[in-house]
Amino acid sequence: MIPSHYQHAVYDFITGGEGSAVVIAVAGSGKTTTLLEGLTQIPPQQSVQLLAFNASIAEELRGRIGPTPNVHASTFHSLGYQALKRAWNLKGLDTVSGKSRQLLRTTLDFEDARTYGGFLMRLVALAKGAGVGALTPDEPQVWRDLIDHHDLFLEQGDEEHAVELAMRFLQRHVEAAEQEYVIDFDDQLYLPVLWRLGLAPKDWVLVDEAQDTNAVRRALIGSAVGPEGRLVAVGDPRQAIYGFTGASHDAIDLIRERWHAIELPLSICYRCARRIVERAQQLVPTIEPAPDAAEGCVETLSVRQAIKRLTANDAVLCRNNAPLVGLAYQLIAEGVPCRVLGRDIGTGLQALVTRLRAGDLSALNRKLEAYRQREVAKYREREQEGKVAAINDRVDCIETIIDHLPEGDLTLVGLADALDRMFSDDTQHRLTLSTVHKAKGREWPQVAILQPDLMPARWAKQDWQQAQEVNLQYVAWTRARERLLFLES
């Protein structure tokens with residue numbers, strides 16, 4: 001494919017420009033291809049660190065780069081992991097994914113661990129990503145701001161006590177690393193920043209998916225860029241949808257300001273058909289169709305019409321999980337194999353069922369409704385409608401699955417089995433049902449949007465939440481290559 005004038009501008013910046021740049025890459029713009037071609041413009045005597053967001057992308061990049069001595073492609077986690085090994089002079093270092101759960105038992109008494117455990121594990125993970133104690137003060141107000149920013153659920157107990165426990169819990173995480181070399185994946189990013197471990201500075205640092213970086217990732221970028229080094233950060237602020245996980249909603253702006261970077265666009269979408277790009281222009285006017293893009297189509301159908309048209313190669317996307325679960329049972333009744341993407345979603349719903357400690361399904365139904373009423377009332381009083389929506393979605397999912405259990409499986413065990421079957425990370429040879437968040441980074445020939453009126457969510461009140469809700473629409477629409485279908489509510 002002949003490079004576009006946008007891509008040529010990136011290559012010219014690398015070969016003849018100065019300083020750093022952020023490359024604003026719209027959906028389907030060939031950013032990976034542009035990154036890899038940009039690498040070929042860098043002289044072989046100059047060192048390059050290429051940073052990817054996850055291991056599969058890093059592995060793909062290494063495979064496509066081939067044996068290039070001056071280029072090192074890795075994840076942020078791998079970069080931090082290597083820094084810890086060097087600091088401790090260790091050949092190997094085990095990463096314990098269950099570190100938080102293990103430390104709960106040795107840090108807190110039984111009642112606090114039972115009441116606050118899940119909340120603390122989530123809060124401390126976000127605190128590490130924000131660099132609490134390393135980039136921001138380890139003070140109660142910083143922790144309260146994290147709770148408010150991420151609309152964290154505290155289903156029982158006192159928030160002030162939870163903050164006290166969280167501060168102690170984070171310190172115990174650090175002590176376990178210092179004294180016992182016990183780390184988890186969050187530590188791989190957090191500890192090198194906390195301890196200011198030096199990284200081997202590079203002449204060039206190239207960052208993929210820059211819009212999804214958090215504070216500690218950007219601190220690692222800062223350590224990797226040498227004194228005279230140059231940064232090229234590629235991303236799309238309009239695809240920033242992971243603010244709830246700790247990614248900075250304004251990451252691109254923060255990178256631009258810190259490195260005084262110029263902005264270079266990649267505005268041509270090579271993935272989507274022309275009609276789909278025209279619809280996306282309602283949200284992102286700068287996105288352009290490829291010159292040879294197929295016409296494609298965007299249309300509104302009933303669910304029944306869509307069922308006849310969708311294949312195992314396609315996807316149905318929705319803002320929330322509960323409507324997908326309801327559709328899944330309708331599809332199963334029609335003989336259409338399907339799965340809801342996200343095994344971790346099913347695991348989280350089962351954790352709620354377990355926590356309610358019901359003896360049978362009748363008791364569970366009563367406890368679910370009591371839980372819904374109690375938690376909705378609590379968060380409505382605090383005007384935290386995002387939490388209200390999330391509670392309703394979780395309860396609706398479980399109740400929908402209970403309503404569809406076969407007569408012989410009307411037990412808690414039958415519910416657990418149904419949750420396991422409904423949610424999966426393997427959707428091969430089945431129609432994929434997915435939330436938009438789970439669909440990020442994927443694409444299908446046909447994409448149907450279920451209950452499109454759920455986006456943007458009406459509960460979003462904070463500016464960053466409202467912006468990311470609009471971004472969700474854009475991400476959803478641009479997952480489709482050929483046909484984008486809106487399903488009538």
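Modeller: Buried means under 20% relative accessible area, exposed over 50%, and partly exposed in between (1.4 Å probe, protein chains only). The model is predicted, so local features need pLDDT of at least 70 and side-chain atom pairs pLDDT 80 or more, while totals for chains, interfaces and linings use all residues. Residues are numbered from 1 along each chain as its sequence is written, and side-chain values use heavy atoms, without hydrogens and water.

Colleague: How many salt bridges does a search of the whole structure find?

Modeller: A salt bridge is a side-chain nitrogen of Lys or Arg within 4 Å of a carboxyl oxygen of Asp or Glu. With the whole structure searched, the number of salt bridges is 30.

Colleague: Which residue pairs with K128 in a salt bridge?

Modeller: K128 lies in helix α6 (residues 110–130), and its partner, 56 residues apart from it, is in the loop between α8 (159–180) and α9 (185–194). Helices are DSSP runs (H or I, at least four residues), numbered from the N terminus. Both partners are buried. The N to O distance is 3.2 Å, and the partner is D184.

Colleague: What is the relative accessible area of E375?

Modeller: E375 meets R374 in a salt bridge of 3.1 Å, N to O. R374 is partly exposed at 46% relative accessibility. E375 is buried, its relative accessible area being 1%.

Methods: Helix = DSSP H or I, 4+ residues; strand = E, 2+ residues; numbered from the N terminus.
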